[in-house]
Amino acid sequence: MTATLEPEKTVPDRGTWRRGRVIAVFSALTALLLLAHSLVPNWVGNAGSLLETFLPWTGLLVLPLLVAALLRRSALALVSLLLPALVWGGSFGGRLFDRTEAGGDLTIVSHNVNDENPDAAGTARALAASGAQVIALEELKKSEIPKYEDALAGRYPHHSVQGTVGVWSTFPLRDTRPVAIMPWTRALRTTVDTPKGPVAVFVAHLPSVRVRLDSGFTANGRDEAIGLLADAVAGEPSPRTVLVGDFNGTADDRALAPITARMESAQDEAGDGFGFSWPAGLPMARIDQVFVTGVRPVASWTLPATGSDHLPVAASLAL
């Protein structure tokens, strides 16, 4: 008699749902960090603000966790990675797409030109080539200001420089004055008389921040200046206001809340991608901003690199 062999049954590897618990925990912590970043305290080296400056990059934490999950052949770990991926997508996924529209009545460019810029005239010509009606410059070096004035004079007959910031316009300017946010002048306010009516424009360069091993993220001077600048903007009677400049902080940073609570980020509303502006060689954060109230952003983008360590930022606005 010939024996009949039963086909060998495949026993499912139930361990794939038991392995990877540590990875799953780290996945949950990553999602929690994205959801509750505002709870990270600032009293230790301004850690909360430092995290929020580079918040979109926290999504990269998923990559080593994915590699670990694949090496462990853990279904539990792989499924748990959906949590931080979904949270990141809900927070930043929209910034991956081009939200710009055609049209707009006023285009404004803002650029920290860097006081060590080796080609001031070339930088000015590159900005003028953008076709913007208003150009705002920060970190102007006194000895270099005539070079910017000469290069922009033909297209921008109206301009004013206050301290280390300046504004150039194809439209008339009036009521221009410095704004006190620091002991020396690094902010101004002006009215741009466009064909569709006046627009108040503020230009600001907030104090720099430092990341140090002994003190963490040092930003006290910047944070104090933000409060003074926010007060000036809040007192502006014009219903249409634009605030541009180098804020040394991103719109996600809680320190900018006095501004972002009353104004919209043009990049967040109508940007092309994340719009990172610094450092110019490998942009990792958008610290150069265009904030608006009373007008609608229809497009926001960065311009090609100049001789500065920042990229210029631009926005087109419907008045």
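1. A crossing of two helices is left-handed if the near helix is turned anticlockwise from the far one by less than a right angle. In this predicted model, the crossing of α1 and α5 is left-handed.

2. Some detail on that pair. Helix α1 covers residues 21-35 and helix α5 covers residues 82-92. Their axes come within 8 Å and cross at roughly 20 degrees. Angles under 35 degrees count as roughly parallel, so α1 is roughly parallel to α5.

3. Which residues of α1 meet α5? They are S27, A28, T30, A31, L34 and L35. On the α5 side, the partners are L83, P84, V87, W88 and F92. By class, this contact has nine nonpolar and two polar residues. It has no charged residues.

4. From α6, the contact uses A120, A121, T123, A124, R125 and A128. From α7, it uses K147, Y148, A151 and L152. The classes are seven nonpolar, one polar and two charged residues.

5. Now the sheet. Six strands form an open sheet with mixed pairing. Their order is β3-β4-β2-β1-β14-β13. The twist averages 15 degrees from one strand to the next.

6. Which strands stand at the edges of the sheet? They are β3 (158-162) and β13 (296-302). Each has a single partner strand, so one side of each is left without a neighbour in the sheet.

7. Strands of a sheet pair through backbone hydrogen bonds, either parallel or antiparallel. Strand β13 and strand β14 (residues 313-318) run antiparallel, joined by six bridges. A299 stands opposite S316 in β14.

8. Finally, the aromatic rings. Counting rings whose centres lie within 6.5 Å, the model has five aromatic pairs. One of them is W57 with F276. Their centres are 5.6 Å apart, with 25 degrees between the planes. Planes under 30 degrees apart count as stacked, and this pair is stacked.

9. Where in the chain do W57 and F276 lie? W57 is in the loop between α2 (47-53) and α3 (62-72). F276 is in the loop between α10 (266-270) and β12 (288-293). The two residues are 219 residues apart, and their pair links distant parts of the chain.

Technical notes
Residues are numbered from 1 along each chain as its sequence is written. This is a predicted model: local features need pLDDT of at least 70, side-chain atom pairs count only at pLDDT 80 or more; totals for chains, interfaces and linings use all residues. Side-chain values use heavy atoms; hydrogens and water are left out. Axes are lines fitted to C-alpha atoms, for helices over the stretch in contact, and angles run from 0 to 180 degrees between N-to-C directions. Helices (H or I, at least four residues) and strands (E, at least two) are DSSP runs, numbered from the N terminus. Angles under 35 degrees count as roughly parallel, over 145 as roughly antiparallel, 65 to 115 as roughly perpendicular and the rest as oblique. Contact means heavy atoms within 4.5 Å. Ala, Val, Leu, Ile, Met, Phe, Trp, Tyr, Cys and Pro count as nonpolar, Asp, Glu, Lys and Arg as charged, and the others, Gly among them, as polar. Two strands pair if DSSP finds at least two bridges between them. Rings of Phe, Tyr and Trp (its six-membered ring) pair if their centres lie within 6.5 Å; planes under 30 degrees apart count as stacked, over 60 as edge-to-face and the rest as tilted.
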